[in-house]
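The sequence and the model come next.

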Amino acid sequence: MRAVTIAALLLSAGAPAWPPAHAEDASPAARQAAFAKLPYWPGLWLTEHDESTIGGLSVAQIEARESGKAAEHNPALSLFGFAAPWNEEGKKRQAARMNQGNGNRTAEGWGYPMMMNAAAPLQFLITPEEVLMINAYRDVRHIRTDGSPHPGPDDIWPTVWGDSVGHWDGDTLVIDTIGVRNPNVYFHGGPPLSDDAHYVEKLHMVSPDRIEGEITITDPATLTGPWTVKLAWTRDDSFGRMIHDAFTNDRTDNENATIAPPADEQPGGEKGE
Amino acid sequence: MRNTFAWAAALCLSLAAAPADAHHSMAMFDMSKTVTVSGTVKEFQWTNPHCYIQVLGKDGKEWSMEMGAPMYLYSNGWRPKSVKPGDQITARLYPLRDGKPGGVVIDVKTADGKILGGKRA
């Protein structure tokens, strides 16, 4: 009774419910034992069928063009949203995005969930406490697997990559993600979901060179029901190593699509973003 | 309904020219045409989000030749010194629709006729 009273007092005093009490760090031996039980997904991974030419064009698209047949694969558009069960609000948002041009807006990366469907190489770093997913555009996800919950409603706000917690169901990584800002605000290729969308992923390495996954998205604000997108990644050693660099030469302009030389080489010009 | 049709049409356009990196639409390029440009490399910009080769063409114009991000070039066997200022190259491009001297690179040949690049070039 007394404990309940104290808890109630703490809550009413605005004591934070999150972060949860910090668990003791595992001993090195216990951590090694935990590591040994985990899957290992080494290497760099690329969305299946999403290889690029030196022009940055999709190899699958170019082959289709040359053969005169429709492309069998268009992996970069899996999460674009054309197959999603949009409700009226979702349809309105989809229609609006088509009038906004195709510029990259504020993005230097793809954000979540698009980074899971990007042409950029992706790394899965699995540890006992968290799984890190990092791509070449410096999109980074921290997926806590230490049992800590999502923050409470007063401790979370929408971000480009959201908040993810996960657990291992055998060799399948199950991830629960919330707090993702409308992905279309950050990146023009992102689906225009609401900030309240809920994402559940299941990822599984089916062979040393292939990982399969699916994302099921529920978002009553924009969808009539769950939207499931299947994804696959293949190991790609051609990238050699993960290389990051800033965007220093963005010549595109949302309103005036061009690749004219950088503005500082043009009289009176200002470098566009 | 009209809106639905409009964005379906826009999708068809974007599907026809989808860039793998998706940094920007490829609509500015006319992918039904190919132009071949020979000239001298002024500068090779190994930069995100796109690499560019600036070429002083034999037609007297400076061409901006857009390529993918460095990681895509790297995975196709290109390196920052694959082309250098002063090199003579011949490039095939999908040209800019607006008629400016630029385009997206299909392939690049060195002066000795060798195509630069690896498995996907």
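## Terms and basis

In what follows, a contact means heavy atoms within 4.5 Å. This is a predicted model, in which local features need pLDDT of at least 70 and side-chain atom pairs count only at pLDDT 80 or more, while totals for chains, interfaces and linings use all residues. Residues are numbered from 1 along each chain as its sequence is written, chains are lettered from A and ligands numbered from 1 in the order in which they are written, and side-chain values use heavy atoms, with hydrogens and water left out.

## Chain A as a whole

Chain A has five helices and nine strands; helices (H or I, at least four residues) and strands (E, at least two) are DSSP runs numbered from the N terminus. Their order along the sequence is α-α-β-α-α-β-β-β-β-β-α-β-β-β.

Of the 273 residues in chain A, 45% are buried. Buried means under 20% relative accessible area, exposed means over 50%, and partly exposed lies in between (1.4 Å probe, protein chains only). The chain exposes about 13,900 Å², and carbon and sulfur atoms supply 55% of this area; accessible areas come from the Shrake-Rupley method with a 1.4 Å probe, and for residues only the protein chains shown count as cover. Among contacts in chain A with a separation of 6 or more, 56% are between residues 24 or more positions apart.

## Nonpolar cores

A nonpolar core is a set of buried Ala, Val, Leu, Ile, Met, Phe, Trp, Tyr and Cys residues joined through side-chain atoms within 4.5 Å. The largest one has 48 residues, and M116(A), F124(A), M133(A), L203(A), I217(A) and W233(A) have the most contacts inside it. Elements that each supply at least two of its residues include strand 2 (122-126), strand 3 (130-135) and strand 8 (210-218) of chain A, and also helix 2 (70-75) of chain B. Strand 9 of chain A gives the most, with four residues.

Leaving aside neighbours within four places in sequence, M133(A) touches residues including M115(A), M116(A), F124(A), I143(A), I175(A) and L203(A). Another core lies apart from the largest one and has 19 residues, among them V37(B), F44(B), A91(B) and L116(B).

## Salt bridges

Side chains of opposite charge can pair when their charged atoms come close. A salt bridge is a side-chain nitrogen of Lys or Arg within 4 Å of a carboxyl oxygen of Asp or Glu. Over all chains, the structure holds 13 of them. One joins R210(A) and E48(A) at 2.2 Å, N to O. R210(A) is in strand 8 of chain A and E48(A) in the loop between strand 1 and helix 3 (59-67), 162 residues apart. R210(A) is partly exposed, at 22% relative accessible area.

In chain B, D107(B) and R92(B) form a salt bridge of 2.9 Å, N to O. D107(B) lies in strand 5 (residues 102-110) and R92(B) in strand 4 (residues 88-95), so the pair ties together parts 15 residues apart in sequence. D107(B) is buried, at 12%, whereas R92(B) is partly exposed, at 35%. Salt bridges with shared partners also join E48(A), R210(A) and E212(A) into one network.

## Backbone details

Y112(A) and P113(A) are joined by a cis peptide bond with omega about 5°. P113(A) is in the loop between helix 4 (88-97) and strand 2 of chain A. A cis peptide bond also joins N48(B) and P49(B), with omega about -5°.

R138(A), a residue other than glycine, has a positive phi near 70°. R138(A) sits in the loop between strand 3 and strand 4 (140-144) of chain A and is exposed, at 53% relative accessibility.
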